[in-house]
Amino acid sequence: MNVVPHVLIIGAGFAGLETARSLAKVPVRVTLIDRRNHHLFQPLLYQVAIAGLLPSQIAQPVRTIFRHQKNFTFQMGEVTEINFDQRFVKLDGSIIAYDYLVLAVGGRTNFFGHDALEERGFQLKDIPSARRTRNHLLSLFERASHEGDAEKRAAMLTFVIVGGGPTGVETAGALAELIEHVMVKDFPRLNLNEARVVLLEAGPALLGAYPDELRRAAHRLLQKKHVEILLNTRMDDYDGQRVTLGDGTQIESQTLIWTAGVKAAELADRLGVEQASAGRIRVEPTLQLARHPEAFVVGDAAFLADADGSPLPMLSTVAIQQGKAAADSIRRLAAGGEARPFRYKDPGMLATVGRNAAVARIYGLSFSGFLAWLIWVVLHIYRIIGFRNRLAVMFNWAWDYFFYENQTRLIIEE
Ligand SMILES: Cc1cc2nc3c(=O)[nH]c(=O)nc-3n(C[C@H](O)[C@H](O)[C@H](O)COP(=O)(O)OP(=O)(O)OC[C@H]3O[C@@H](n4cnc5c(N)ncnc54)[C@H](O)[C@@H]3O)c2cc1C
């Protein structure tokens, strides 16, 4: 009797989801595990934080996504241990055996040793952290509206974002627009000319990984939205009230949003496998573990260098392509063949700076402004999972665009 191989996937992010989908017609049993019951579209988390979208519009239950896939099972829970020699994982105390393993556990925020920031600052990593940020931002406007002390009010209305990568740039632009177009209407007696959005970047330019012309375009577009950009500026400390910069300057602020780094998920540190920078797990060109060819690592958790030796970036496009590649190699292995090396096909770069403003590099062409923004909007609506979510996001964005509103300005304490 032929036993159907069991493929165990840990993580229902971009990489895990793509692996499971690509195995739909392969004669294997697929089990997908995640500690959350949903897939989250992380690139739009900042929109939850600035009250643009509801959490439910950028997330979808895993069971709903795979309702029609016959060889698929989902288990919600936290994987705490993997025994590579005996091929099983521990899930909340129980044991699940596998024939092939796909580790797609993603990443978490890297505070680079500034551990106090986890409590005092804000991050955008999951729905609770984005909602916490939204509650905090909206509460500050309420508190500032009845604060008589000008200095205290200024600190409440000074928002510092650390990290000039795509997430920092997108958050800074969106927050500046929230203040300029929406909060001015809600708080007519509050002088919002006092409000500041400050973006700190340790390097010499915003969007360091982008071509030079796009870096400059993003800089210009953000400045137009009155974002204060401080380049070559390191954050040294934040005590919840003031940010101390590398040169000793202090900025009084009750908000610091940290977007400056990502490292591999906790599980990667507990496996006894070889790790590279940011704790990512070093894999073979085929995405397999060197000593365990039945185990694959994909997405943010995997460390693989491209042809010119630089590590593949922690991006959804890399995660999706790797998920597909791992599924293809598992299909080959199960049929007695060999795994294939992974090659990343770079689809280009996109980042939005706000209304009518984005930067893009597609098929080698760089451009910025309205056309880049339109492509960003269409692509993000297309990539969100679930037809209902797509409609909801499209409707929200259209409404906000024409009426200068942000839909979800509710402070709902946890
Ligand atoms: C705010 C933000 C904005 C971003 N913007 C962009 C963008 O514009 N473009 C872009 O391409 N990329 C963007 N990214 C990066 C992109 O989201 C990641 O590269 C992508 O999510 C990686 O996919 P993944 O499948 O490896 O991991 P993830 O999507 O992080 O999924 C990992 C999954 O594993 C689960 N998990 C982890 N550990 C365990 C465990 N022990 N047990 C069970 N489950 C576990 C988690 O719950 C999670 O669901 C952004 C990321 C963030 C945070």
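Tutor: What follows goes from the strands to the helices. The model is a predicted one, and the part in question begins with an open sheet of three strands, in the order β24-β25-β26, whose pairing is antiparallel. Because β24 (349-354) and β26 (365-368) stand at the edges and each has a single partner strand, one side of each is left without a neighbour in the sheet. Neighbouring strands of this sheet are turned against each other by 5° on average, direction ignored. Within the sheet, strand β25, residues 357-362, is joined to β26 by four bridges in the antiparallel sense, and Arg361 has Ser366 in β26 as its bridge partner. Helix α10, which covers residues 370-383, packs on this sheet and touches β24, β25 and β26, with its direction at about 105° to that of β24.

From the sheet we can turn to the neighbouring helix. The axis of α10 comes within 9 Å of that of helix α11 (residues 387-403), and the two cross at roughly 150°, which means that α10 is roughly antiparallel to α11, since angles over 145 degrees are counted that way. On the α10 side, the contact is made by Phe370, Trp373, Trp376, Val377, His380, Ile381 and Tyr382, while α11 contributes Arg390, Val393, Met394, Trp397 and Tyr401. Sorted by class, the residues in this contact of α10 with α11 are 10 nonpolar, one polar and one charged.

Key: Residues are numbered from 1 along each chain as its sequence is written. This is a predicted model: local features need pLDDT of at least 70, side-chain atom pairs count only at pLDDT 80 or more; totals for chains, interfaces and linings use all residues. Side-chain values use heavy atoms; hydrogens and water are left out. Two strands pair if DSSP finds at least two bridges between them. Axes are lines fitted to C-alpha atoms, for helices over the stretch in contact, and angles run from 0 to 180 degrees between N-to-C directions. Contact means heavy atoms within 4.5 Å. Angles under 35 degrees count as roughly parallel, over 145 as roughly antiparallel, 65 to 115 as roughly perpendicular and the rest as oblique. Ala, Val, Leu, Ile, Met, Phe, Trp, Tyr, Cys and Pro count as nonpolar, Asp, Glu, Lys and Arg as charged, and the others, Gly among them, as polar.
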